[in-house]
Amino acid sequence: MTPVLSAEDIRDANTRYHDVAADHYDSKWGIDFGELGCKQVTTKVRKALGSEPGHYGRSLEIGAGTGYFSLNMLLAGLIEAATCSDISPGMLETLQHNANSLGLEVNTQPADAEHLPFADGSFDLVLGHAVLHHIPDLPRAFAEFERVLAPGGTVLFAGEPSRYGDRVARVPKRVAGAVAPLWRRAIGAAGAPAPEGGAPDAVLERVVDVHAFAPAELSRTARAAGFQDVRVNGEELLANWFGWANRTLESTAEPDDVPWAWRVYAHRGYLLLQELDRRLLESRLPPAIFYNLMLSARKPPA
Ligand SMILES: C[S@@+](CC[C@H](N)C(=O)[O-])C[C@H]1O[C@@H](n2cnc3c(N)ncnc32)[C@H](O)[C@@H]1O
């Protein structure tokens, strides 16, 4: 039986899990800081806003991780001054290292989304990617986003799992798990070695994700915190099924045995299906069926 965890336990699990993940996070998730990363992030911002991104003065990222969103937005010239916060000091260390290698200046600040150490009205944009689903008390966090935004400021989140999309994504994961031995034989790969002393982060992994959202739930939470012009839309359907199936297969093999050609196929295939989702499906199907949800809204002007 899954034990009932307190909000404090969940925050602690998130800090420890992401501290451990920080070193290999970028390679595990194929995070790019360059032309591809800028294009991906700019596309997500455009989709979330439903219009061309503006230029933001002071931004605050929540759960910034290794910097995927803020660093690429700085590179793309969408923000002027970036503050990156995260509950995991380990992630922020990697983010600072990434920023230094790219010659970018950022302000990093360890912080829990529910208790932001910033004055009222300090930012023009509060943003995040793949973080809301880790936060125990979402209404409290949204109240904080509203408080630290200047009047008229924008809040924008992307990469949040949708409840239905998450359920559907279990199918390709299960199928891939079942055919993994055949796949390994076909590519000549040995099975992944069991980590010494068991997988230290496997237990934490099960407790760090606390929500998958219905679109209406996300908009209600933003509205209840005082935001207006709330938009929620969905992204990635085929790309996610393909991505999860491949990641599940790869996780069962000795990493050095997975041929380069396979990795190229998996990466290119994912990008191609992302484009197909964007062009054909995202504007036609209801947000709830996509794997990821995105939200944008505005704090009312003074
Ligand atoms: C899935 S990672 C996403 C990282 C990054 N935004 C990205 O897209 O690559 C989630 C991040 O949220 C952070 N996080 C989890 N719970 C948090 C909380 N309560 N407050 C602030 N950050 C949190 C984690 O430490 C982690 O860096």
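Me: In which loop is A130 found?

Reply: Helices (H or I, at least four residues) and strands (E, at least two) are DSSP runs, numbered from the N terminus. A130 sits in the loop between β4 (123-129) and α6 (138-148). The model is predicted, so local features need pLDDT of at least 70 and side-chain atom pairs count only at pLDDT 80 or more, while totals for chains, interfaces and linings use all residues. Residues are numbered from 1 along each chain as its sequence is written, and side-chain values use heavy atoms, with hydrogens and water left out.

Me: Is A130 buried or partly exposed?

Reply: Buried means under 20% relative accessible area, exposed over 50%, and partly exposed in between (1.4 Å probe, protein chains only). A130 has 25% relative accessibility and therefore counts as partly exposed. Its phi is positive, about 55°, although A130 is not a glycine.

Me: What is the phi of D229, and in which strand is it found?

Reply: D229 is found in strand β6 (residues 228-235). Phi of D229 is near 50°, a positive value in a residue other than glycine.

Me: Why is helix α4 described as largely enclosed?

Reply: Seven of the eight residues of α4 (residues 68-75) are buried, so the rest of the structure largely encloses this helix. The buried ones are Y68, F69, S70, L71, N72, M73 and L74.

Me: At what angle do α1 and α5 pack?

Reply: Axes are lines fitted to C-alpha atoms, for helices over the stretch in contact, and angles run from 0 to 180 degrees between N-to-C directions. Helix α1 (residues 7-21) and helix α5 (residues 89-102) pack at about 35°, and their axes are 7 Å apart. Contact means heavy atoms within 4.5 Å. Here T15, H18 and D19 of α1 meet P89, G90 and M91 of α5. By class, the residues of this contact are two nonpolar, three polar and one charged. In that scheme Ala, Val, Leu, Ile, Met, Phe, Trp, Tyr, Cys and Pro count as nonpolar, Asp, Glu, Lys and Arg as charged, and the others, Gly among them, as polar.

Me: How many residues surround the ligand, and which are closest?

Reply: A residue is near a molecule or strand if one of its heavy atoms lies within 4 Å of it. The ligand is surrounded by 20 residues, the closest being G63, D86, D112, A113 and H129. This shell has 10 nonpolar, seven polar and three charged residues.

Me: What does the side chain of S296 reach?

Reply: The backbone oxygen of A48, at 2.8 Å, is reached by the side chain of S296. S296 belongs to strand β7 (residues 292-298) and, at 4% relative accessibility, counts as buried.

Terms used:
A polar contact is a pair of N or O atoms within 3.5 Å; within protein, one must be able to donate a hydrogen and the other to accept it, and residues adjacent in sequence count only if both atoms are side-chain atoms.
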